[in-house]
Amino acid sequence: MSDFAELSVEGKKYQLPIVEGTEAEKAIDINKLRDESGYITIDSGYKNTGATKSAITFLDGEKGILNYRGYSIEDLAAKATFLEVAYLLIYGELPTTEQYAEFEGAIRRHTIVNEGVRTIFEGFPVNSHPMATLSSLVSSLSAFYPDSYEGKDNSDRHIIRLLAKLPTIASWSYKRAMGHPMNYPKNDLDYCSNFLHMMFSLPVEKYEVDPVVASALNTLLILHADHEQNCSTSTVRLVGSSQANLYSSISAGISALWGPLHGGANQEVIEMLEAIKADGGDVSKYIEMAKNAKTTGFRLFGFGHRVYKNFDPRAKIIKKAADEVLAKLGVNDPVLEIAKGLEEAALNDEYFIARKLYPNVDFYSGIIYRALGIPTNMFTVMFAIGRLPGWIAQWKEMRATKEPIGRPRQIYTGATLREFVSIENR
Ligand code: SDX
């Protein structure tokens, strides 16, 4: 393979270096393109543009492969705890027994959130969307921990604080919406059990965490933990590239995730399935509506992906887990059958086949969250809790490799130079 790509423009030829990754992915390095040719490239939505080199997550969209630091998502989802995966993503290796005890132990001892943050939370309207409060309160943590932006590199302490406190903050939204007293974390519970305790226990009766529910939550969080340079992760890296502190960078990522085309899709999927059920459950009608999106404005949420042009491996795992968890919990959710019917119809329809549209991670996840008792408007919060270690790992990598501040170029298409006209003459 040649080490260079040759670009010929305006009669001149330019040699552009080829970059190859450890999984044989190839890129044309255009770092010197503008200096040498005066040209930039343009690529709306960055569909063909790599923003960085990264050693954290590898995706193969054609083969449906997802690996975290070389370990397959199938292996990790079946055998690891979420905090083992968090450690792997952030520090690059699976933890030893001692490393895990120290990491998990530190997280257990930082789950309490400063009561001042709670005061801020109580200023929000009771029916605030949990993603609005989550992104705001995570940003507010930088005010409570000013050493996060005073130049010292003590990010490990802030990494522990974020991983420990996000579930606590997330549970507040649910308890307040229910009119229930908020729960303090319990340091004798593991990560997933502690979140379930904070969400569902009540002072009037003993709450026992169902191991089936805790295990399903562990799997779901692992499946969401990282996904290379998606919209919210790219946001975290871009904000962090200005030397903004970790809390502000993660808060920006939470805001980006909220969008219905990204992490907000899991809430949209359940609302879409409920609408189809309420409308009689005729999936073929909605398949036709999706195919005529330009006139119907209807989009099949939970379908399609920028990278996966084959199945999303996470969707396969979640679909199987949905059957298992609902059976174990004795939950019969009619929207699961509607989801399967929709998938079946779409996978056999030329419109979806031609556009390589398959169920993505958001298509089945909401069905499990709902069976676990998580309210619909908290589905994207669950995505954020899962994605947090990935965001942290990517931010840490960007800082460690001292990447320059992110500042894309543009092609200007506005008015050319013109004289100012005073208001009386306009
Ligand atoms: C996540 O990037 C990541 O890794 C994200 C994520 C992660 O872990 O971080 O995997 C999580 O965000 C998953 C995606 C969740 N979003 C949805 O489920 C929303 C529905 N899907 C889409 O809007 C869409 O598929 C995207 C946003 C996911 C991808 O959009 P692209 O790559 O920009 O593709 P596109 O919008 O240009 O669509 C290509 C064609 C279009 O048709 P034509 O104009 O060529 O005729 O496919 C059609 C689209 O209209 N299409 C759909 C469709 N998604 C795309 N048609 C019907 N239903 C859909 N869901």
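A residue is called buried when its relative accessible area is under 20%, exposed when that area is over 50%, and partly exposed in between, using a 1.4 Å probe and protein chains only. The model on your screen is a predicted one, in which local features need pLDDT of at least 70, side-chain atom pairs count only at pLDDT 80 or more, and totals for chains, interfaces and linings use all residues. Residues are numbered from 1 along each chain as its sequence is written, and side-chain values use heavy atoms, with hydrogens and water left out.

**First stop: Asn-360**

Select Asn-360, which counts as buried because its relative accessibility is 7%. Asn-360 sits in the loop between helix H17 (350–354) and helix H18 (361–371); helices (H or I, at least four residues) and strands (E, at least two) are DSSP runs, numbered from the N terminus. If you leave out residues up to four places away in sequence, Asn-360 touches Gly-302, Phe-303, Gly-304, His-305, Asp-312 and Ala-315, where contact means heavy atoms within 4.5 Å.

**Second stop: two loops between strands**

Glu-10 is not a glycine, although it has a positive phi of about 50°, and its relative accessibility of 67% is why it counts as exposed. Then select Arg-69, in the loop between strand S5 (65–68) and strand S6 (71–72). Arg-69 also is not a glycine and has a positive phi of about 50°, but with a relative accessible area of 22% it is partly exposed.

Select residues 211–223, the 13 residues of helix H9, which reaches 18 Å from its first C-alpha to its last, close to the 18 Å expected at 1.5 Å a residue; the expected span is 1.5 Å times one less than the number of residues. How many of the residues of H9 are buried? The helix is mostly covered, with 10 of its 13 residues buried, among them Val-213, Leu-217 and Leu-220. At the N-terminal end, Asp-210 caps H9, with a side-chain oxygen 2.7 Å from the backbone nitrogen of Val-212.

**Last stop: helices H7 and H11**

Finally, show helix H7 (residues 155–178) together with helix H11 (residues 246–257), whose axes come within 10 Å and cross at roughly 40°. The contact is made by His-158, Ile-159, Arg-161 and Leu-162 of H7 and by Leu-246, Tyr-247 and Ile-250 of H11.

Methods: A polar contact is a pair of N or O atoms within 3.5 Å; within protein, one must be able to donate a hydrogen and the other to accept it, and residues adjacent in sequence count only if both atoms are side-chain atoms. Axes are lines fitted to C-alpha atoms, for helices over the stretch in contact, and angles run from 0 to 180 degrees between N-to-C directions.
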